[in-house]
Amino acid sequence: MPSKKALIRRPSPRLAEGLVTHIDRSPVDAALALSQWEGYVQALLAHGWEPFEVEPAADCPDSVFIEDTVVVHRNVALIARPGADSRKPETVAVEEAVARLGCSINWVWEPGTLDGGDVLKIGDTIYVGRGGRTNAAGVQQLRAAFEPLGARVIAVPVSQVLHLKSAVTALPDGTVVGYPPLVDEPSVFPHFLPVPEASGAHVVLLGDGRLLMAASAPKSAELFAGLGYEPCPVDIGEFEKLEGCVTCLSVRLRGLYA
């Protein structure tokens with residue numbers, strides 16, 4: 001059976017200092033954020049996922065957004081080299097965690113930059129956003145790590161949002177969902193479904209047709225329910241103030257083997 005482990009990381013007490021790029025800064029309630037994070041973790045647990053908590057990084061405000069630190073395909077973990085210098089120290093403990101889980105480790109090296117939030121995997125097709133946080137050298141190194149495993153890597157432009165997965169994710173049948181004003185080139189994706197809310201573009205596949213998604217996208221949840229999926233909403237409003245979404249609060253490890 002596929003593994004159902006999820007890397008998670010407790011929010012830093014400095015969360016309110018996290019980076020914002022495409023939105024205006026607004027106050028973040030650290031205590032409420034911690035409560036919302038705990039609710040997110042409980043949602044994973046309730047749907048059969050085993051959270052694997054990585055050592056906190058108190059001095060790294062953005063460290064709760066653990067998805068940006070590593071990309072895992074099958075049993076290979078590519079340790080990212082974040083595009084924001086303040087985030088580069090976040091990868092150390094994540095590397096130790098995936099090594100303990102039995103992953104083979106590769107790294108993105110200078111001059112490459114790569115944020116895991118720029119990587120959308122649909123089967124053996126890997127879309128990578130080329131934009132503010134991921135550069136051409138990072139894309140090249142992603143290709144070198146995963147194409148030998150049978151992956152097909154496709155670079156797509158990202159300019160309207162922080163990461164590719166801030167604009168698009170995918171349903172269980174491979175249909176890419178996105179909020180059109182934030183998607184540079186929807187035609188890149190063979191099957192694209194527009195959603196009515198920006199946060200409706202973010203889904204985590206829990207299994208058995210269940211979709212973890214933000215409570216801030218009720219119209220999109222209704223759309224997915226009409227397609228036969230089961231939306232599982234969680235409130236992540238404090239993280240949305242920092243351009244966070246449901247995907248970036250965990251790294252789902254489905255392809256691990258003993």
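Guide: Let us start with Arg-252, which counts as buried because its relative accessibility is 12%, and buried means under 20% relative accessible area, exposed over 50% and partly exposed in between, with a 1.4 Å probe and protein chains only. This is a predicted model, in which local features need pLDDT of at least 70 and side-chain atom pairs count only at pLDDT 80 or more, while totals for chains, interfaces and linings use all residues. Residues are numbered from 1 along each chain as its sequence is written, and side-chain values use heavy atoms, with hydrogens and water left out.

Visitor: What surrounds Arg-252, leaving aside its neighbours within four places in sequence?

Guide: Arg-252 belongs to strand β15, residues 251–253, where strands (E, at least two residues) and helices (H or I, at least four) are DSSP runs numbered from the N terminus. With contact taken as heavy atoms within 4.5 Å, Arg-252 touches Lys-5, Ala-6, Tyr-40, Trp-49, Glu-67, Lys-165, Val-204 and Thr-247.

Visitor: What makes the approach of Arg-252 to Glu-67 a polar contact?

Guide: The side chains of Arg-252 and Glu-67 are joined at 3.4 Å, and a polar contact is a pair of N or O atoms within 3.5 Å, where within protein one must be able to donate a hydrogen and the other to accept it, and residues adjacent in sequence count only if both atoms are side-chain atoms. The side chain of Arg-252 also reaches the backbone oxygen of Thr-247, at 2.7 Å.

Visitor: Why is the pairing of Lys-5 with Glu-50 called a salt bridge?

Guide: The N to O distance between the side chains of Lys-5 and Glu-50 is 2.9 Å, and a salt bridge is a side-chain nitrogen of Lys or Arg within 4 Å of a carboxyl oxygen of Asp or Glu, so the label applies. This pair links distant parts of the chain, with Lys-5 in strand β1 (residues 5–9) and Glu-50 in strand β2 (residues 50–54), 45 residues apart. Lys-5 is partly exposed because its relative accessibility is 22%, and Glu-50 is likewise partly exposed, at 43%.

Visitor: How do you know whether Asp-208 is buried or exposed, and which residue meets it in a salt bridge?

Guide: Asp-208 has 73% relative accessibility and therefore counts as exposed. Its partner is Arg-210, with 3.7 Å from N to O, and Arg-210 is buried because its relative accessible area is 18%. Elsewhere, salt bridges that share partners join Glu-67, Lys-165 and Arg-252 into one network, and a search of the whole structure finds 13 salt bridges.

Visitor: How many aromatic pairs does a search of the whole structure find, and what makes the pair of Trp-107 and Trp-109 tilted?

Guide: The search finds three aromatic pairs. Trp-107 and Trp-109 lie 5.9 Å centre to centre with 45 degrees between the planes; rings of Phe, Tyr and Trp (its six-membered ring) pair if their centres lie within 6.5 Å, and planes under 30 degrees apart count as stacked, over 60 as edge-to-face and the rest as tilted, so this pair is tilted.

Visitor: Why is the pair of Tyr-127 and Phe-189 called edge-to-face?

Guide: The planes of Tyr-127 and Phe-189 are 70 degrees apart, with 4.9 Å centre to centre, and this pair is therefore edge-to-face. Tyr-127 is in strand β7, whereas Phe-189 is in the loop between β10 (176–178) and β11 (192–194), 62 residues apart.
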